[in-house]
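These are my notebook entries on one structure. I wrote down what I looked up, topic by topic.

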Amino acid sequence: MLAILAQSADATVFLPPARSTIAGAHDGLYHFVFWMSVFFTALIAGLLVYFCIKYHRKSHHEVPDGPTHSTAIELGWTLPPLILVLVIFTWGFRGFMNMNQAPNGAYQVLVHATKWNWAFTYAGGENDSELHVPVNTPISLVLTSGDVIHSFYVPVFRVKKDVVPGRYNKAWFQATEVGTYDLFCAEYCGTSHSQMKTKVVVETMEDWLKHVEERGRWWDGKKPAEVGAEVHAQKGCKTCHSLDGTRGTGPSWKDVFGSERKFTSGDPVVADENYIRDSILNPGHHVVEGFDNVMPTFQGSIKDPEITGVIEFLKSISANYKGLVLEEPMTATGLPGTDETETKE
Amino acid sequence: MSVIHDPVKAGIHGGQAPGGTNYINNSKGILSWLLTVDHKRIGLMYMVCVLGAFLLGGSFAIMLRTMLFIRAASETPISEGAQNMYNQAFTLHGAILVFMFIIPAVPAILGNMVLPLMLGAKDVAFPRLNLLSWYCWVGGAIFFMFVLINGGLDTGWTFYTPYSSSTTTAATTATMGAFILGFSSILTGLNFIATIHMLRPPGMGWFQMPLFLWALYATSVIQVLATPVLAITLLLLMAERILHVGIFDPALGGDPVLFQHFFWFYSHPAVYIMVLPAMGIISELMSTFCRRHIFGYSFIAFSSVAIALLGFLVWGHHMFTSGQSAMTNAVFSLITFSVAIPSAIKVFNWLATMYKGSIWLATPMLYALAFIWLFTIGGLTGVFLGALSLDIMAHDTYFVVAHFHYVMVGSMLTAFIGGMYYWWPKMFGKMYSEPVAKVAWFLIFFGFNLTFFIQFIAGSKGMPRRYADFVPEYAIYHEISTIGSYVLASGLFLVLFNWIHSLKYGRKAPQNPWGANTLEWHTSSPPPTENFVEDPPVSEPYVLGAWEYDASIEGFVHNKEKAAKLAQMSHH
């Protein structure tokens, strides 16, 4: 109980901190309805207890005789609730319209949801697994799904919008304070629904510009296998594919490269570079025996240097691969001299 | 099909059937139950099965709350096996309790038991159809049991597409089960509508009907009109899963939000299938235990009808975040608020019934009081969710979970248990232990509020629903909630123990232990197979003065002279 009361200073007992321009209006209505509810609950419960004491039955021979109806009283207690709910409706509708309509000139971010991963794309095509936004800037979101329905939810912004396959849903917000906040999937989407969470990082404009620029070449200067390991951790691969041989929703990545893969249909294939690339971009093409066809495609949300990184990473953790793993750091544009035949024995 | 009154059999007075037989002991053997067309026996068969479903669905609730408690206390990441297990637990918890318990509980158990009795009738209008409805329930239940042993179910009870069209769990079997259970509901509703229209005794106009019957009538209309939409929706889902006809799955050219419209077109009115008959029970309890004419009879009756009709027009409020147009959202929000008015009217009328009453805090009345507390909180938190901007924040969080548990479980369950205690003496001819019943009431009331009130806070803070895992700041709410659920469960087991114990050791029940005047109290406890050995005297259901307390039988006895006098007075 103490832990509940000892929340951070600007959070109330009931609400999380308010960190967007629309949060204040939401919280105002929330508190109005809250105190109205407290009033009516206290009134009803108070009368309940009072009547139980005052009119407590003393003998079963009592035959009380009170009023049985009164149209005036009925109308009297119908009107105040009616007026109250109309006020609340109007207030809620106005708040909703403000939430719904992004201001002109808002900066657009594409949000792509798949089981069980969030992928964000900035205006220059830079990919990110966390949503980085500049503070005090209106951000509009275009939400798409690669498989089932998800829902974009950031409690401190009071923003939620379903991500529906086959539709472009939109949402917007303007963050008011620098900080790192939780972003949840709010619509049940299967096994790891509760793991489908990431962070919203609100930064100063300066920091944000720097971050986006870095995201456009984040693999620059890193060894390919390191890039692959980061892709595994950040793009949601780890939700289904373990690195230690444990079976998950998908097969473990350990010892895959160079092994013979058996499929639910079609002939077996030895896992090589083409097989890995194909499995990332067309996952339904070859479904490994004993697993279900549930993986979404990463077409459009993964860059070629990142795929190269994954391939080298897989080589580095496979006992079935006897060749060398690329050690040379990658460059911003990808990987010059990536002709893999040169590095293989 | 008229009111059955056999003057030859009516040789013995006092409502006792010849030879002391009643509907329970007048024939023996399993076939005498499985082939019975007696509404009371069908009610009892429903009781055993539906309570079994309650135990099963409740076990899943305890399981998932325990998993959340363990999760709250644990440092290590949650395994995928545990996530799957949690998803299956909340799905089966919801699906079993909604389709197999909450929807049938009051109409099929208590409605079947007392609706014909309240009309002074021998049975429902279509007794064989009534038995068929029970077999439909059993058929649907078998499909659900098959789901349990055949891959489980992880879609949530809402079966949202396209997840449900693509999951590898036994979604097809489960939808088939829900489809068949729907027919049980439709047949019961149809039967009740026909019975109320055709079998009211001479002298009982619509406005001399007990309010429980008004509530059952309004419920039946929803069951008959809304359930077929669910059936069609589930068939379309099966067509998509089995035949790959694109209806809801965008990969096949369908629209997933269409499914939500279809689903909630049934499932929102279904909330009123759950709570309307519960409200009917409360009206009966309030009048009886305040020993007073119910206040505002016609307002309560019409508010049931208003809720039933408006309930059809609010389904879109489940989709405020789905991307439907702002105009659609506004219309659904406004109509949603209109449901608040008839609900408030009912609560105020019940309170007014207590005013200047003679309040007897017997166990059924305690449940009625608990109902008012829980329904008030459930209703007022509905005001939060009806407001568009607040719903955007609260949708799919524990706020919604807490809200609908207060309405669907807190309100409905307390009314159901209160009604069970109220009619228990009539059903079985035995009185339960009052002290044990009161202890159990306290555990349930305290446990329920501890379990679910804390969830309003968790939800307002942003805890999403259907989460096997959560960020650490929500752990405390889950711990408290789980402890509450254990208290609640222990209270429910105590209720069950008290009921079973009373069957063997309970004091013999008088004909009318409470002094109510609806017609079921004008026959013996338990009633004979044909319900009444002589026509019960039809009078105003809430004029109670003709019943006088007799301490020697700890019950009320009907004074015919007084009744005649009161009848004369009300005609003036």
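**Entry 1: a pair of strands**

I began with strand β9 (residues 179-185) of chain A, which is joined to β10(A) by six bridges, the two running antiparallel. I take two strands as paired if DSSP finds at least two bridges between them. Helices (H or I, at least four residues) and strands (E, at least two) are DSSP runs, numbered from the N terminus. In this pair, Gly179(A) stands opposite Val202(A) in β10(A).

I noted the ground rules next. The model is predicted, and local features need pLDDT of at least 70, side-chain atom pairs count only at pLDDT 80 or more, while totals for chains, interfaces and linings use all residues. Residues are numbered from 1 along each chain as its sequence is written, and chains are lettered from A and ligands numbered from 1 in the order in which they are written.

**Entry 2: the rest of the sheet**

I then looked at strand β4 (residues 131-134) of chain A, which runs parallel to strand β10 (residues 197-203) of chain A and is joined to it by four bridges. Val133(A) stands opposite Val202(A) in β10(A), and Leu131(A) is opposite Val200(A) in β10(A).

What is the strand order of the open sheet in chain A? I found five strands in the order β4-β10-β9-β6-β7, with mixed pairing. At the edges are β4 and β7 (159-163) of chain A, each of which pairs on one side only. From one strand to the next, the twist averages 20°. Helix α4 (residues 205-215) of chain A packs on this sheet and touches β4 and β10 of chain A, its direction making about 140° with that of β4(A). For such values, axes are lines fitted to C-alpha atoms, for helices over the stretch in contact, and angles run from 0 to 180 degrees between N-to-C directions.

**Entry 3: where the chains touch**

I looked up the interface and found 76 residues of chain B in contact with 77 residues of chain A. A contact means that the C-beta atoms of two residues, placed from the backbone, lie within 7 Å. Several helices of chain B each supply at least two residues of the side that touches chain A, including α3 (80-118), α8 (256-290) and α14 (434-460). Which helix gives the most to that side? It is α10(B), with 14 residues. By class, the side has 45 nonpolar, 21 polar and 10 charged residues. Ala, Val, Leu, Ile, Met, Phe, Trp, Tyr, Cys and Pro count as nonpolar, Asp, Glu, Lys and Arg as charged, and the others, Gly among them, as polar.

**Entry 4: a helix of chain A**

Helix α3 (residues 71-100) of chain A has 30 residues and reaches 42 Å from its first C-alpha to its last, close to the 44 Å expected. The expected span is 1.5 Å times one less than the number of residues. Among its buried residues are Val85(A), Phe89(A) and Phe96(A). A residue is buried if 20 or more other C-beta atoms lie within 10 Å of its own, exposed if 12 or fewer, and partly exposed in between. The cover over the buried residues of α3(A) includes α2 (23-54) of chain A, along with α10, α11 and α12 of chain B.

**Entry 5: Met100(B)**

I found Met100(B) in helix α3 of chain B. Is Met100(B) buried or exposed? Met100(B) counts as buried because it has 25 C-beta neighbours inside 10 Å. Leaving out residues up to four places away in sequence, Met100(B) touches Val50(B), Ala53(B), Ala141(B), Phe144(B) and Leu181(B).

**Entry 6: two packed helices**

Helix α7 (residues 211-243) of chain B and α9(B) pack at an angle of about 10°, with their axes 9 Å apart. So α7(B) is roughly parallel to α9(B). Angles under 35 degrees count as roughly parallel, over 145 as roughly antiparallel, 65 to 115 as roughly perpendicular and the rest as oblique. The residues of this contact divide into 11 nonpolar, one polar and no charged.

**Entry 7: backbone details**

The peptide bond from Lys115(A) to Trp116(A) is cis, with omega near -5°. Trp116(A) lies in the loop between β1 (107-114) and β2 (117-121) of chain A. Another cis peptide bond joins Ser525(B) and Pro526(B), with omega about -10°.

Asp396(B) has a phi near 60°, a positive value in a residue other than glycine. With 23 other C-beta atoms within 10 Å, Asp396(B) is buried.
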